[in-house]
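The exercises below go with the structure shown here. Work each task from the coordinates, then compare with the solution.

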Amino acid sequence: MREVKDYAYITLGLISYSLGWAAFLLPYQITTGGTTGISAIIYYSTGFPIQWSYFIINAVLMTFAIRILGPRFSIKTTYAIFMLTFLLWLFQLLVNNYVEVPDMTADGKPLLLGPGQDFMACIIGAAMCGVGLGIVFNYNGSTGGTDIIAAVINKYRDITLGRVMLICDLIIISSSYFVLKDWEKVVYGYVTLYVCSFVLDQVVNSARQSVQFFIISNKYEEIGKRINEYPHRGVTIINATGFYTGKEQKMMFVLAKKRESTIIFRLIKDCDPTAFVSQSAVIGVYGEGFDHIKVK
């Protein structure tokens, strides 16, 4: 069921990503990074379908990625490549055939936002692409290309995925000038890349945010057992002494995902409504049940 859930969310992320490209970026000739950006440049210059050049480039890259990223990651990436190839074709077909908009480009492509709305198109398209990529990465998938490079570096170094992709993709966007001959489009590409990277980091990091609890209660054993059972988090008991009262007291220390905070507060309230609880955010938690240390 976990694998089924992964593939379902990867598909959802790919839908958001491909729709952002087909509806907002391609019609306005906006380029961003990755193999999709390379494919877009090829498309703008030759008219060769973006989905096929995307597929060919990633087929080559995947042959080098299987050993490094492992078979499970590679299988999901292969699935994402095939699915995104299909979705790019499908959404381009839907946009071109079923979007009835009076404002069109010179080659007859429908503009959802009308002419002169390039900046709005790049913001919306980039946000949709960033959300899509974030969902895909959160569920152990990849859309290929520079995503593969970013995933390889992120596997061994504690560098955010968005930052790696930002560095890798600047060259791709800059090279679009030689095809479009328009610096304004290149600037839009930079904006798109920044927004996409920012949204990607927000989506990925929001799923990894952690919190720590200090809990003081006479019913510490009951609360600790409940936390162990669900949400399956470890509890460390610390011997503490109240400075004013001089009374010995047991204090619990708990690390958990941010999304589990509500669950922990509820069970604390069920066991001891008068418990003293301190919650704070932590920058990073590494170890069993959390992130892996990625430094040599």
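**Exercise 1. Two packed helices**

Task: Determine the handedness with which H1 passes H5, and describe how the axes of the two helices lie.

Solution.
- Step 1. The crossing of H1 past H5 is left-handed. This is a predicted model, as are the coordinates behind every step that follows.
- Step 2. H1 covers residues 2-25 and H5 covers residues 118-138; their axes come within 7 Å and cross at roughly 165°.
- Step 3. Angles over 145 degrees count as roughly antiparallel, so H1 is roughly antiparallel to H5.
- Step 4. Contacts between the helices involve, among others, Tyr9, Gly13, Tyr17, Trp21 and Phe24 on the H1 side, and Ala121, Cys122, Gly125, Cys129 and Val136 on the H5 side.

**Exercise 2. The cysteines**

Task: Count the disulfides, and find the cysteine sulfur nearest to that of Cys196.

Solution.
- Step 1. A disulfide requires two cysteine sulfur atoms within 2.5 Å. The count by this rule is 0 disulfides.
- Step 2. For Cys196 the nearest cysteine sulfur belongs to Cys129, at 5.4 Å, and Cys196 is in no disulfide.
- Step 3. Is Cys196 buried or exposed? Its relative accessibility is 9%, so Cys196 counts as buried.
- Step 4. Cys122 has a relative accessibility of 0% and therefore counts as buried.

**Exercise 3. The surroundings of Ile50**

Task: Place Ile50 in the secondary structure and list its contacts beyond four places in sequence.

Solution.
- Step 1. Ile50 belongs to helix H3, residues 50-69.
- Step 2. With a relative accessible area of 0%, Ile50 is buried.
- Step 3. Once neighbours within four places in sequence are set aside, the contacts of Ile50 are Trp21, Leu26, Thr36, Ser39, Ala40, Tyr43 and Gln92.
- Step 4. One of these, Leu26, is 24 residues from Ile50 in sequence, with a C-alpha to C-alpha separation of 9.4 Å.

**Exercise 4. The sheet and its helices**

Task: Work out the strand order of the 4-strand sheet, and identify which strands stand at its edges.

Solution.
- Step 1. The sheet is open, its order is S2-S3-S1-S4, and the pairing is antiparallel.
- Step 2. Strands S2 (235-241) and S4 (276-282) each have a single partner strand, so one side of each lacks a neighbour in the sheet; these are the edges.
- Step 3. Direction ignored, neighbouring strands are turned by 25° against each other on average.
- Step 4. S1 (residues 210-216) pairs with S3 (residues 248-257) over 7 bridges in the antiparallel sense. Within this pair, Ile215 has Met252 in S3 as its bridge partner.
- Step 5. Helix H10 (residues 220-229) packs on the sheet and touches S1, S2 and S3, its direction making about 15° with that of S3.
- Step 6. Helix H11 (residues 261-271) lies across S1, S3 and S4 and runs at about 10° to S1.

**Exercise 5. Backbone exceptions**

Task: Locate Gln29, Lys181 and Pro231, and state the backbone feature of each.

Solution.
- Step 1. Most residues other than glycine have a negative phi, and most peptide bonds are trans.
- Step 2. Gln29, not a glycine, has a positive phi of about 55°. Gln29 sits in the loop between H1 and helix H2 (34-46) and, at 31% relative accessibility, counts as partly exposed.
- Step 3. Lys181 also has a positive phi, near 55°. Lys181 lies in the loop between helices H8 (177-180) and H9 (183-208), and its 57% relative accessibility counts as exposed.
- Step 4. The Tyr230 to Pro231 peptide bond is cis, with omega near 25°. Pro231 is in the loop between H10 and S2.

Terms used: Residues are numbered from 1 along each chain as its sequence is written. This is a predicted model: local features need pLDDT of at least 70, side-chain atom pairs count only at pLDDT 80 or more; totals for chains, interfaces and linings use all residues. Side-chain values use heavy atoms; hydrogens and water are left out. Buried means under 20% relative accessible area, exposed over 50%, partly exposed in between (1.4 Å probe, protein chains only). Contact means heavy atoms within 4.5 Å. Two strands pair if DSSP finds at least two bridges between them. Axes are lines fitted to C-alpha atoms, for helices over the stretch in contact, and angles run from 0 to 180 degrees between N-to-C directions. Angles under 35 degrees count as roughly parallel, over 145 as roughly antiparallel, 65 to 115 as roughly perpendicular and the rest as oblique. A crossing is left-handed if the near helix is turned anticlockwise from the far one by less than a right angle, and right-handed if clockwise.
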